[in-house]
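My notes follow in the order in which I looked.

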Amino acid sequence: MYGNLSIVEGSIDTTNDDPELLAAFEARIQAGEKIEPHDWMPTEYRRQLIRMIEQHAHSEIIGALPEGTWITRAPGFKRKMALMAKVQDEVGHAQLLYSAAETLGKSREAMIDDLLNGKSKYSNVFNYPAFTWADTAIIAWLIDASAIINQVTNSKGSYAPYCRALERICQEESFHLKYGYDAVVALATGTPTQRTMVQEALNRWWRPIMHFFGPPDKVSVHTEKLVKWKVKMATNDDMRQQFFNQYVPKILELGLTIPDAQLRKDPVSGQWEYGDPDWDEFKRVINGDGPCNKERLAVRRTAEERGRWVREALQQADERYVTPLS
Ligand code: BYC
């Protein structure tokens, strides 16, 4: 059921925006122009971008945790190296995204504070545990695939700094996807134990991956205005459907079973149809009550605390070497 999603309604607050400037801005968007940080933009466009880019940045940094714990346990040196590089990339994506969000006027410190005090969300998927090596393989293949669908689509959007960051991120994600697919194929074509491991991991991650694309369009709070302003270039349901069309055949080809009894391809439309992925679970997880929410934030709080002396030392070094203008 998703009818009772208790998500706070966002409102388009354009009351203080000059109507002529607003009309000119919307004409630029319609004409497919990109908006740069120094350009005039409606207050609500700025607010929405900060919310979305900041959540995306947090997702990258928290997203490094489930896979990060497997670096020392990855099977073999080659896979250890590859996973370490991937995790490092994800943290780098957060850096790019925090920088893009900062162009809109919110400081990185304020964003990190809002992550740590729970005001700001991050992707639902990273609140689940990676029990086995197969979980990391499914994350790297199918969560990165989902992220690529989302990010390639939105990289054609209207806010230039976000688009530039997404283009760069997608290039790295495409390596992650290949790495993930390779890891899944190795397990799916391996011993019976390995096949069971990867099937169980797929069973665990399927619902969270369905949720990754956001709630159904009919209850999505922000989609309408974000599509209008070309921040989102497709709706949540459209991107989810794209994932089904591209990845269900690939998953089935590996002899894996998708844990959805209602999954079927409509012979007329050619579209995959799927069952309700439990939107109550989604609501609980994004509101802080998932299997690992507390643990994930606790790790980040510890990292923030332990890294404080480094930030302070860097700041002092900066201050010492900046020559005051006379
Ligand atoms: N998880 O109106 P809606 C990666 C919230 S990292 C949590 O549809 P919107 C990777 C939503 O925020 C890449 N919350 O929202 C890293 C809103 O709440 P608020 C992650 C979600 O923004 C490491 C409310 O529900 N990708 O790939 O129009 C290793 C209403 O939803 C989620 C991104 O962050 C969710 N899944 O659309 C491996 C993409 N979905 O803010 C891999 C950037 C919805 O009103 N974000 N909510 O309190 C987006 O594209 C959009 O924000 C979404 C949601 C499509 C996710």
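Which residues in helix 6 meet which residues in helix 7? Working in a predicted model, I found that Val184, Ala186, Leu187 and Ala188 in helix 6 meet Gln194, Arg195, Met197 and Val198 in helix 7. Sorted by class, this contact of helix 6 with helix 7 has 6 nonpolar, 1 polar and 1 charged residues.

I then looked up the geometry of the pair: helix 6 covers residues 160–188 and helix 7 covers residues 192–212, and their axes come within 7 Å and cross at roughly 130°. Because angles of 65 to 115 degrees count as roughly perpendicular and those over 145 as roughly antiparallel, I noted helix 6 as oblique to helix 7.

My next entry concerns helix 3 (residues 77–102) and helix 4 (residues 108–116), which pack with their axes 9 Å apart at an angle of about 115°. That angle makes helix 3 roughly perpendicular to helix 4, and I recorded the crossing of the two helices as right-handed. On the helix 3 side the contact is made by Gln95, Tyr98, Ser99, Ala101 and Glu102, and on the helix 4 side by Arg108, Met111, Ile112 and Leu115. By class I find 5 nonpolar, 2 polar and 2 charged residues in the contact of helix 3 with helix 4.

Which residues line the largest cavity? I listed Ile61, Tyr98, Ile112, Leu115, Leu116, Arg300 and Glu304. Helix 4 and helix 11 (293–306) are the elements that give two or more residues to this lining, and the largest share, 3 residues, comes from helix 4. The lining of the largest cavity divides into 5 nonpolar, no polar and 2 charged residues.

My last entry is on the second largest pocket, which has a volume of about 640 Å³. I counted 21 residues lining this pocket, of which Arg108, Glu109, Ile112, Glu304 and Arg311 lie nearest its centre. Helix 2 (43–68), helix 3, helix 4, helix 11 and helix 12 (308–321) each supply at least two residues of the lining, with the largest share, 6 residues, coming from helix 12. By class, I noted 9 nonpolar, 3 polar and 9 charged residues in the lining of the second largest pocket. Ile112 is one of the residues nearest the centre of this pocket, and Ile112 is also listed in the lining of the largest cavity.

Conventions
Residues are numbered from 1 along each chain as its sequence is written. This is a predicted model: local features need pLDDT of at least 70, side-chain atom pairs count only at pLDDT 80 or more; totals for chains, interfaces and linings use all residues. Side-chain values use heavy atoms; hydrogens and water are left out. Axes are lines fitted to C-alpha atoms, for helices over the stretch in contact, and angles run from 0 to 180 degrees between N-to-C directions. Helices (H or I, at least four residues) and strands (E, at least two) are DSSP runs, numbered from the N terminus. Angles under 35 degrees count as roughly parallel, over 145 as roughly antiparallel, 65 to 115 as roughly perpendicular and the rest as oblique. A crossing is left-handed if the near helix is turned anticlockwise from the far one by less than a right angle, and right-handed if clockwise. Contact means heavy atoms within 4.5 Å. Ala, Val, Leu, Ile, Met, Phe, Trp, Tyr, Cys and Pro count as nonpolar, Asp, Glu, Lys and Arg as charged, and the others, Gly among them, as polar. On a 1 Å grid over the protein atoms alone, a cavity is a set of points where a 1.4 Å probe fits but cannot get out, and a pocket is an open set with protein on both sides within 12 Å along at least five of seven lines; lining residues have an atom within 4 Å of a point. Grid points are joined across faces, edges and corners, and a volume is the space filled by probe spheres set on the points.
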